[in-house]
Amino acid sequence: MKTITWKLLLKSNTKSVFQFLSTPEGRTKFWSEKSSEKDTIIHFVFPNGRTYHSRTIKIIPNKEFHLSYFDSLVKFQLESSINGGTELTLINEGVSESDFPEVNAGWVSVLMNLKAVADFRCDLRNHDPNKTWDQGYANN
């Protein structure tokens, strides 16, 4: 099993970034086509129609958001940057060797869209169920 670590510098403050990560409305704006949550269970619906039930593991408002995600653990850690923005660290632990290249690239796609949405109010995804990651589209 491998660990993926990415860092992202955002202009948006930690409270705003945390809302994107920790709320169904926020996740729908940058991560999944649909998101709902009940009793710490997050229901994701992705552009290719795939669904996944994730579980929230740890929440420290405006600082940390951890969840189970496709048989792995994902940790988002937020720190205020000098300019009032956010330094986000994503750590994805327990990624299988065979899935590592796709998952690693997938997180870059998700994080770049988070930055676009949080800092510029621009969703980079195409929202076309016929043009998804499965067909090689990075902007799914």
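Predicted model: local features only at pLDDT ≥ 70, side-chain atom pairs only at ≥ 80, totals over all residues.

Colleague: Okay, how many aromatic pairs does the structure hold?

Modeller: The structure holds 16. Take Tyr-69 and Phe-70 as an example. Their ring centres sit 4.8 Å apart and the planes meet at 85°, so this pair is edge-to-face. Planes over 60 degrees apart count as edge-to-face.

Colleague: Is Tyr-69 buried or exposed?

Modeller: Tyr-69 is buried, at 11% relative accessibility. The cut-off for buried is under 20%. Phe-70 is partly exposed, with a relative accessible area of 28%.

Colleague: What does Tyr-69 form with Trp-107?

Modeller: An aromatic pair, and a tilted one. The rings are 5.5 Å centre to centre, with 45° between the planes.

Colleague: Where do Tyr-69 and Trp-107 lie?

Modeller: Tyr-69 is in the loop between strand S5 (64-68) and strand S6 (73-80), while Trp-107 is in helix H3 (residues 100-120). So the pair ties together parts that are 38 residues apart in sequence. Trp-107 counts as buried too, at 3% relative accessibility.

Colleague: Which residues do ring pairs link into a cluster?

Modeller: The cluster takes in Phe-20, Phe-30, Trp-31, Phe-44, Phe-46, Tyr-52, Tyr-69, Phe-70, Phe-76 and Trp-107.

Colleague: Switching to the fold. How many helices and strands are in the protein chain?

Modeller: Three helices and seven strands. Along the sequence the pattern is β-α-α-β-β-β-β-β-β-α.

Colleague: And why call the protein chain as compact as a globular protein of that length?

Modeller: The radius of gyration is 14 Å, close to the 14 Å that the globule rule gives for 140 residues, so the chain is as compact as a globular protein of that length. The C-alpha atoms fill a box of roughly 40 × 30 × 30 Å along the principal axes.

Colleague: What share of the residues is buried?

Modeller: Buried residues are 43% of the 140. As for contacts between residues at least 6 apart in sequence, 47% join residues at least 24 apart.

Colleague: What about the surface and the charges?

Modeller: The accessible surface is about 7600 Å², and 53% of that belongs to carbon and sulfur atoms. The chain has 17 positive and 16 negative side chains. The centres of those two sets lie 5 Å apart.

Methods: Residues numbered from 1 in each chain as written. Heavy atoms only, no water. Helix = DSSP H or I, 4+ residues; strand = E, 2+ residues; numbered from the N terminus. Rg over C-alpha atoms; globule rule 2.2 N^0.38 Å. Buried < 20%, exposed > 50% of the residue type's maximum accessible area, 1.4 Å probe, protein only. Contact = heavy atoms within 4.5 Å. Areas by Shrake-Rupley, 256 points an atom, 1.4 Å probe, with all protein chains shown as cover. Lys, Arg positive; Asp, Glu negative; His and termini not counted. Charge placed at Lys NZ, Arg CZ, Asp CG, Glu CD. Phe/Tyr/Trp six-rings, centres within 6.5 Å; stacked < 30°, edge-to-face > 60°.
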